Amino acid sequence: METGKSTDVGVKDLREKLNASSKRVKRIKMDRTRFSDSSDDGEASTNSRRKNGLRSRCQDEDEDSKVSYEKDRILSDIEQYKFFRQEEIADIEDKINDVVRKADKGCFKSRTVDRAPLRVKYFFGEGYTYGKQMSGRGPGQEKLFPKGEIDEIPQWVKTLVIKPLVKHGIVPKDFVDSVVINDYQQGGCIVSHVDPLHIFERPIISVSFFSKSALSFGCKFSFNPIRTTDPIVSIPLDIGCVTLLRGYAADNVTHCIRPQDVVERRAVIILRRVKQDAPRLSYTPESQTHHRSYVQKENRGFKQRKRSKMPYFEHDDRGESSEEEVKAKRSRR
Ligand SMILES: O=C(O)CCC(=O)C(=O)O
């Protein structure tokens, strides 16, 4: 039995309370038509199939209704809220800039900061191996870093971000023990992934800053040059907007930030809770050595990339979401 850990159930309870006092929280009605989704292109390709006489009208209708059913399932497990005021947003953005400055001065532990050319990740509270850091790759292999190897959650995140979420009944007190700040430059992205199911409880909460973007579901990425298929559905990520993913939206479909949806600098604070039984690396001289050499290699690579030509995008290998992506990447290695 889990002790001392609030689970989804606790969140639901609080949300019931929240519903009772819904005047305090303005729930954003998700505009399901504002963003492009696969239905437009779906129609185009459906038309061409019709022309070619490859499929019957019934098959097309079946497919359309499957897509719209999946869209509905995704959207029904997403919540968005807007309650941060302009001044609060500005304060949080200042604090994010402080984090960037501190990291540039080398004030954080090495595993707190993960740099890539068009996005930097800052881990607080808990961090985990992903992408190239993993000896065994692929979803399900991620492990938490040993306790103490990541900087603690900054006090400002607790006061300015988590406290208001608790106050508005969005998360129970003490739910969040892992905070990640992603700082994207224009054209930065996060490839399609599912946040590791064995590492993180649901919901996954995020708050967006600096500029608007979009969270896309069900895209497939291909690289060199980077391209994505059309999403099954995209939702807007406005400045200061809080987004919660759970259920189908969190577990059964991948999500991503597409490079074309980061039109200027953008940051997001991701707030999660690690599972009590999440696998964790132990303190071993070996893991330390492995990590140190990984960081040195990465830093060298980063400097070289910076010196030569910055690539158009950066992706981490996290959440290789489809067989095709895995195969495509392996064939290039
Ligand atoms: O940038 C975002 O809003 C989402 C980022 C994300 O999904 C992740 O870092 O796991």
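How many of the 5 residues of strand β10 (residues 233–237) are buried?

Modeller: Strand β10 is mostly covered, with 4 of its 5 residues buried. Buried means 20 or more other C-beta atoms within 10 Å of the residue's own, exposed means 12 or fewer, and partly exposed lies in between, with C-beta atoms placed from the backbone. This is a predicted model: local features need pLDDT of at least 70, side-chain atom pairs count only at pLDDT 80 or more, and totals for chains, interfaces and linings use all residues. Residues are numbered from 1 along each chain as its sequence is written.

Take the partner of β10. Strand β7 (residues 213–217) runs antiparallel to β10, joined to it by 5 bridges; pairing takes at least two DSSP bridges. Within the pair, Leu215 stands opposite Ile235 of β10.

Leu215 also belongs to the shell around the ligand, as does Leu237. Other members include Asn182, Asp195, Ser206 and His255. Two elements give two or more residues each, β12 (255–257) and β13 (266–272). By type, the shell has 6 nonpolar residues, 3 polar and 1 charged.

Now the core. In soluble globular proteins, nonpolar side chains tend to be buried together. Here the largest nonpolar core has 61 residues. Such a core joins buried Ala, Val, Leu, Ile, Met, Phe, Trp, Tyr and Cys residues through C-beta atoms within 7 Å. Tyr122, Ile205, Val242 and Ile269 have the most contacts inside it. Val242 touches Gln80, Tyr81, Leu165, Ile170, Ile205 and Val207, leaving aside residues up to four places away in sequence. Contact means C-beta atoms, placed from the backbone, within 7 Å.

Zoom out. The protein has 8 helices and 13 strands, read as DSSP runs (H or I, at least four residues; E, at least two) and numbered from the N terminus. Of its 333 residues, 34% count as buried. Among contacts with a separation of 6 or more, 85% link residues 24 or more positions apart.

Last, confidence. Mean pLDDT, the predictor's confidence in each residue from 0 to 100, is 78, and 66% of residues reach 70 or more. Over residues 1–49 it is below 50, with 61 contacts beyond near neighbours in sequence. It stays under 50 over residues 289–330 too, where the model has 55 contacts beyond four places in sequence. Where pLDDT is low, the predicted coordinates should not be read in detail.

Definitions and conventions
A residue is near a molecule or strand if its C-beta atom, placed from the backbone, lies within 6 Å of it. Ala, Val, Leu, Ile, Met, Phe, Trp, Tyr, Cys and Pro count as nonpolar, Asp, Glu, Lys and Arg as charged, and the others, Gly among them, as polar. Two residues are in contact if their C-beta atoms, placed from the backbone, lie within 7 Å.
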